[in-house]
Amino acid sequence: MQHSANAAPAVAPQKSPKASSGTKHFLKMLMKQRTLVLMSVPFVIWLFIFRYLPVWGWTLAFQDYRPGRSFSEQEWVGFKHFAFLFQDDAFYRVMRNTFAMSFINLILGFVLAITLAVLLNELKNIVFKRVVQTISYMPYFLSWVVAASIIMVALSPEEGIVNQVLVGLGIIDKPILWLGEASYFWGIFAASETWKNLGWNTIVYLAAITMIDPAQYEAADIDGANRLQKIWHITLPGMKPVIIVLLILNIGQVLETGFEAQYLLKNPANMDFAETLELFVLRWGINFGNYSFATAAGIFKTVISFSLLFAANSLAKRMGQERLF
Amino acid sequence: MAKKRILLLLLSVVMILTVVTACSGGNNGGNQQGSGNNNPSSNAGGNTGDEEVTQEPVTFTFFNAGASREDVLTSDTDIGALYAEETGVSFQIEHLVGDVQTKIGTMIAGGEYPDVLVADTEIDKVVDAGGFIDLTDLIEEHGPNIKEVYGPYLNLMTDEDGSIYFLPFSPQVGEFVPNPVIDQGAFWIQQRVLKEFDYPEMTTLDEYFDLIRQYAEKYPNEDLTGFTSLTHDWRFFAITNPANHLAGFPNDGAVMVDMETLETDDWHNNEEMKRWMQSLNELYLDGLYDETSFVNNYDQYLAKLTSGKVLGYFDYGWQVNQATQNLRSAGNGDFEYFPLPIVFEEGITDQYIDPPSFIHNRGIGITTSAENPERIIQFFDYLLEEQNQIRNQWGIEGLTYEVDENGRYYRTQEQIEQLRDNQYKQDVGLTYFEYYWPMWSQTSTLSDGNAHSPGRQPEVAQLDFTEAELEALSQYGVNTFSEMFAAPADRPWYPAWSIALEQGSQEQVYEQRREDIVKRYLPRLVLAEEGQFESEWESYLSEFDGLDYTEQYEEYLTTKLKEKVEAISGE
């Protein structure tokens, strides 16, 4: 113990002076920020264990993995599972659905949430504002299982409120089997997502709005700006950094969106438009006990998400906007 | 897990201490305790090498993927309490909620199982993953009854690697008793339709649908649904299988099997399938087919049948049992359903009733997570004693059944009424014990000649019929429903769906792809607009041909069926 402690300073000076000053600087900073560093250690360990160690499991994708066998007993099959993924006709249908629903989700999520946040912000009546906010974010706390049942009942051709209202208003002359018509599925999905998540999504934008310096509004008042001009020239630009960071993050998750809603609302009649990549993986991977395939699809998803994230980020960088990193 | 075990241990120590103090306090009071007072202090010492069966209370976990019902601690039921008293063993049974493949798949991926597992359709995966322990030695050591009951079937139960991983539910003991009611497939029709037209004789599908059409025409303002189907999740075979049945084949799964050559033929792309789909389509075009069939889940489907608005449907008795029982206890005979053996053409012999069969790819197994498999196998063995088989099926004498002076078992009208109430049946424990345990096949006979299953005892079956059912039966001049149906031909391989496919094999991939196509096309075919059916069928066939593995699949099954027949006759 003592020996090594003595040896360390003796070795250091023998290295090139430049490196030594770098190391010295580093050690000095380390000492200075030791509390911060110590505080972060548990989280780095957590991150390593839960986010990096599992990457070892990617080896599964290149094996015909059988549970209950040791690693050395597994059979290696190269890119077999990737080939299976890309060669299946269903895969392309599933990718189309995934992207379509994700983008619908992304655009509606942004446009409507920002609009609602701005509108709420303009409200002078605090009680009304609170009531609207509460009502709009309540559905977020419903589990999808419950929400899906509500949606199924609402859309039912027999006693569903949607059909009753539409027939009552004379818009359609006989009830429509909404969930039985594949092409309606994206619309139904978008509407239910919006209903469920809109209020919740506005919260972060409302927070962003409160960060805007009130002095800017005062100055605009003096310049004689009206409400719309203030929204356009102060509120929205003030929210821009938040919007862009969220956009970049969400683009990275395009392949992740949508599992529960589609799983619970799909049926043989609308499968063609309802099945997403995650459901596809569930069916061929988990249900089939084919964990290797599920892993291969997982890797594929990670790669796509990564490239989308970087693409969005560098785009933001090139346009001189706020960005993630 | 470890915490739970410690808690259990503590609990058992406390309970044993209570017994000790109770015994020493009450002196002779412990007499009727049976083996319970068999020197409990030695048990507390940790049952050191004593051959005596230990009575230490223990609770095992049991996951049942075969049924969805209320979870239960068996000792909370009347029958389970008896068992807990006699053996100390009780089970915390958890049932399937949601999707069986996901649930079992997650267990396998995590490598953590309940002590005892009924994996239903996913049993091969659990075996494949090494989730079950080999029971061979345990049976040798602790299972005299198991050996006796399952003895004739050991060939079929033994895995390729020579191990026995689970105990199936269908070893025949004694004479074969046919089921007087239909628990298998049938075309069901509402009693009021039969009554309206004076109980006509019906054999063909056209006659069946015509009757429904006529009835609906007669009562246009009642908002009636002519025919509905179950399509949800894995149960969607209820809408496809009629194609096979109508041609005079039993439920062999996805194939028709030639009786002589054992050649198999996947019927999903056959003329029979087309004919069946087209009949449904015609019914749809007449406005009588329930288009919500394709969006309803299982519960919604059952609710629909219970509503009384549906004139007819095809399904398996066991699958609609809940709806049937609810309708019968509601007491409106008009809404009850009557089963009919419908076929395509006059001259085809129906084969709806299952031939006697041993289903060797369903069963109950002990998992690698079980820490005390000896106790479990001892309990299994104990369950197979005749007395306990009677308890599991008949219940408790004086409560759920009676014995007359000739030793025949029967149930009073009152008992039958009571047992129609699902909650009561659960409280007694019959719901939990009558199936999904090591058991004699329900077609068995007890040593005194009574039927093993009360439903098959003529005394009970007759009393169980409702007024409407008795009326219809007498109109057709029969005593039981099964008399309406043809006797099953001898099919030693039956059922073909019990042939296990290898995990990840081409055959399995084929089945999954076929399911995808069939599922996607069902609504397109059945709900095709006027004149569109032919073109939809053409595009269905062309996608089906795209699978390009049908022949190999059929060949594979044929080979396996031949092997199974050899294994059976080779005994």
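A salt bridge here is a side-chain nitrogen of Lys or Arg within 4 Å of a carboxyl oxygen of Asp or Glu. Please keep in mind that this is a predicted model, in which local features need pLDDT of at least 70, side-chain atom pairs count only at pLDDT 80 or more, and totals for chains, interfaces and linings use all residues. Residues are numbered from 1 along each chain as its sequence is written, chains are lettered from A and ligands numbered from 1 in the order in which they are written, and side-chain values use heavy atoms, with hydrogens and water left out.

Both partners of that pair sit in helix 18 (residues 413–420) of chain B, three residues apart, or about one turn of the helix. Helices (H or I, at least four residues) and strands (E, at least two) are DSSP runs, numbered from the N terminus. An α-helix has 3.6 residues a turn, so residues three or four places apart point the same way. Arg420(B) is buried at 10% relative accessible area, whereas Glu417(B) is partly exposed at 42%. Buried means under 20% relative accessible area, exposed over 50%, and partly exposed in between (1.4 Å probe, protein chains only).

Another pair spans a longer stretch of the sequence. Asp266(B) forms a salt bridge with Arg514(B), and their closest N and O atoms are 2.8 Å apart.

Arg513(B) meets Asp88(A) in a side-chain salt bridge (3.2 Å, N to O). This pair runs from helix 23 (residues 506–526) of chain B to the loop between helix 4 (80–87) and helix 5 (89–122) of chain A. Arg513(B) is partly exposed, at 27% relative accessible area, while Asp88(A) is buried, at 7%. A network of salt bridges links Arg93(A), Asp272(A), Arg520(B) and Glu543(B). Over all chains, the rule counts 33 salt bridges, and four of them lie across the interface of chain A and chain B.

What does that interface look like as a whole? The contact (heavy atoms within 4.5 Å) takes 26 residues from chain A and 30 residues from chain B. About 2,400 Å² is buried between the chains, with carbon and sulfur atoms giving 54%; this buried area is the accessible area (1.4 Å probe) that two parts lose on being put together, summed over both. Pro268(A), Asn287(A) and Phe288(A) supply 25% of the area that chain A buries against chain B, more than any other three residues.

One more salt bridge, between Lys304(B) and Glu158(A), has its side chains meeting at 2.9 Å, N to O. Asp290(B), in the loop between helix 13 (271–285) and helix 14 of chain B, is buried at 4% relative accessibility. Leaving aside neighbours within four places in sequence, Asp290(B) is in contact with both Glu158(A) and Lys304(B), and also with Thr225(B), Phe227(B), Thr228(B) and Asn296(B).

Leu305(B) is found in helix 14 (residues 298–307) of chain B and is buried, with a relative accessible area of 1%. Not counting residues up to four places away in sequence, Leu305(B) touches residues including Thr228(B), Val310(B), Tyr313(B) and Tyr337(B).

We finish at helix 3 (residues 78–87) of chain B, where Ile79(B), Gly80(B), Tyr83(B) and Thr87(B) are buried. Viewed down the axis of helix 3 of chain B, these buried residues fall within an arc of 95°, so they line one face of the helix; the arc is that of the directions from the helix axis to the C-beta atoms. The buried residues of helix 3 pack against several elements of chain B, among them strand 3 (89–95), helix 16 (373–383) and helix 17 (386–394). Just after helix 3 of chain B, Gly88(B) takes a positive phi of about 80°.
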